[in-house]
Amino acid sequence: MSHLFTPYDLGPLRLPNRIVIAPMCQYSAEDGCATDWHLIHLGQLALSGAGLLTIEATAVSPEGRITAGDLGLWSDETEAALGRVLRAVRQHAATPVAIQLAHAGRKASSHVPWRGGQLVPVAEGGWQPVAPSAVPHAAHETPPDALDAAGLQRVLDAFVDSAQRAHRLGIDAIELHAAHGYLLHQFLSPLANHRTDAFGGSLENRMRFPLAVFDAVRAAVPASVPVGVRLSATDWVAGGWDADQSVVFGQALRDRGCAFLHVSSGGVSPAQKIPVGPGYQVPLAERLRAEVGLPTTAVGLITEPEQAEAILAAGQADLVALARGILYDPHWPWHAAAKLGGQVTAPPQYWRSQPRGLSALFGETAMGQR
């Protein structure tokens, strides 16, 4: 059997295969509430045959949104809206569902990408971002407010509240967003964290708040819910966060009961120099998997089934995540299974699409007509 189509256990959660749909912001919520767009988007991806579907970066508070269109899970209203979507999706798909809980920190109050993605000033309808330090993401931007002790507690409590709401919705796994230059990553990176208290300076101090958030979320939901972390393994900037520090952070997470690492990179500084190419982040995942020992997801320009299979066969990662590639081809897992001799679950309404000569692609099927 293909490695890609072998089941995998994330703790108590059984995944039918090793294909993960990475969280992908849709910027289409209304006051944090999921809309019909999310029903269409998530419903389509839930029928893809992937092993795990991760809901996009979901803000734990209104000020933690990247844009005004970000999905949220901070109130009864946002919980009910997402619940409506999930109930509809689950009527037709048994795909396990994870959610990525996030706070944008100093990258909050941005325009949506198709309007340029830049900071929206308060005077133009934006809001004042908060961050570890009053250091802007880009030099020309208005600095964020540095979080004080009360602010840190509010953020931590917001993560806990959102995690409990996610559990009430029956979401199968939780991923904490500590990547791409958002708040938890900002605490980790010396490029964004200039604090002189217990949350800044040394590596131990810079890890303190992200680890506190992990501990609080892990304690807030049952052990049956895997809690993992997405991290940027390097800032791609000299003097910033790097793979050596990521190993130490990963080991600390492992010792606290972290279920998995989802390894990405970059996002904290406009000065980053990223060597983009096929599978360019896979070596980072490989190193963390080897030195931390947690189930590890590789992501980043993994586009071909043979490429994904080779990553798993070589032991570079345990799972492979797709984002843009599965937006372009929502049936990527079907096509990968056809190429690699795997098998996926498909709804009976689509069984007759099974290509000639691949009668086992969708498992045991039966079609008849008079």
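**Pockets, helices and loops**

Reader: How much space lies in the second largest pocket?
Author: This is a predicted model, where local features need pLDDT of at least 70 and side-chain atom pairs count only at pLDDT 80 or more, while totals for chains, interfaces and linings use all residues. Residues are numbered from 1 along each chain as its sequence is written, and side-chain values use heavy atoms, without hydrogens or water. A pocket is an open set of points on a 1 Å grid over the protein atoms alone, where a 1.4 Å probe fits and protein lies on both sides within 12 Å along at least five of seven lines; its volume is the space filled by probe spheres set on the points, which are joined across faces, edges and corners. For the second largest pocket, that space is about 370 Å³.

Reader: Which residues lie nearest the centre of the second largest pocket?
Author: Lining residues have an atom within 4 Å of a point of the pocket. Here 21 residues form the lining. Nearest the centre are Pro16, Asn17, Gly49, Val344 and Thr345.

Reader: How many charged residues are in the lining of the second largest pocket?
Author: Ala, Val, Leu, Ile, Met, Phe, Trp, Tyr, Cys and Pro count as nonpolar, Asp, Glu, Lys and Arg as charged, and the others, Gly among them, as polar. This lining has 13 nonpolar and eight polar residues. Its number of charged residues is none: the lining has no charged residues.

Reader: How much space lies in the largest pocket?
Author: The lining of the largest pocket has 47 residues. Tyr27, Lys107, His180, Tyr182 and Arg324 lie nearest its centre. The space inside is about 1,300 Å³.

Reader: Which element gives the largest share of the lining of the largest pocket?
Author: Helices (H or I, at least four residues) and strands (E, at least two) are DSSP runs, numbered from the N terminus. The elements giving two or more residues to the lining of the largest pocket are β12 (319-322) and α9 (324-328). The largest share is three residues, and it comes from α9.

Reader: How many charged residues are in the lining of the largest pocket?
Author: Sort the lining by class. There are 21 nonpolar residues and 21 polar ones. The charged residues number five.

Reader: What is the radius of gyration of the chain?
Author: The chain has 10 helices and 12 strands. The globule rule, 2.2 Å times the number of residues to the power 0.38, is set against a radius taken over C-alpha atoms. The rule gives 21 Å for 370 residues and the chain comes close to that, so it is as compact as a globular protein of that length, with a radius of gyration of 20 Å.

Reader: What share of the residues of the chain counts as buried?
Author: Buried means under 20% relative accessible area, exposed over 50%, and partly exposed in between (1.4 Å probe, protein chains only). The chain has 370 residues. The buried share is 59%.

Reader: Which elements do the buried residues of α1 pack against?
Author: Helix α1 spans residues 36-46. Its buried residues are His38, His41, Leu42, Gly43, Leu45 and Ala46. They pack against β3 (19-21), β4 (52-59), α2 (76-90) and α9.

Reader: Which residue just after α10 takes a positive phi?
Author: In α10 (residues 332-340), Trp332, Pro333, Trp334, Ala336 and Ala337 are buried. Their cover includes β3, α8 (305-313), β12 and α9. Just after α10, a positive phi of about 75° belongs to Gly341.

Reader: Is Tyr27 buried or exposed?
Author: Tyr27 sits in the loop between β3 and α1. Its phi is near 50°, a positive value in a residue other than glycine. At 18% relative accessibility, Tyr27 counts as buried.

Reader: Is Asp31 buried or exposed?
Author: Asp31 lies in the loop between β3 and α1. It is not a glycine, yet its phi is positive, about 55°. With 64% relative accessibility, Asp31 counts as exposed.

Reader: Which residues does Ala220 contact, leaving aside its neighbours within four places in sequence?
Author: Ala220 lies in helix α5 (residues 203-220) and counts as partly exposed, at 22% relative accessibility. Its C-alpha atom is 6.4 Å from that of Gln164, 56 residues apart along the chain. Contact means heavy atoms within 4.5 Å. Leaving those neighbours aside, Ala220 is in contact with Val160 and Gln164.

Reader: What is the relative accessible area of Gln281?
Author: Gln281 is in the loop between β10 (261-264) and α7 (282-292). Leaving aside neighbours within four places in sequence, it contacts Val263, Ser264, Ser265, Val299 and Gly300. Gln281 is buried, with a relative accessible area of 2%.
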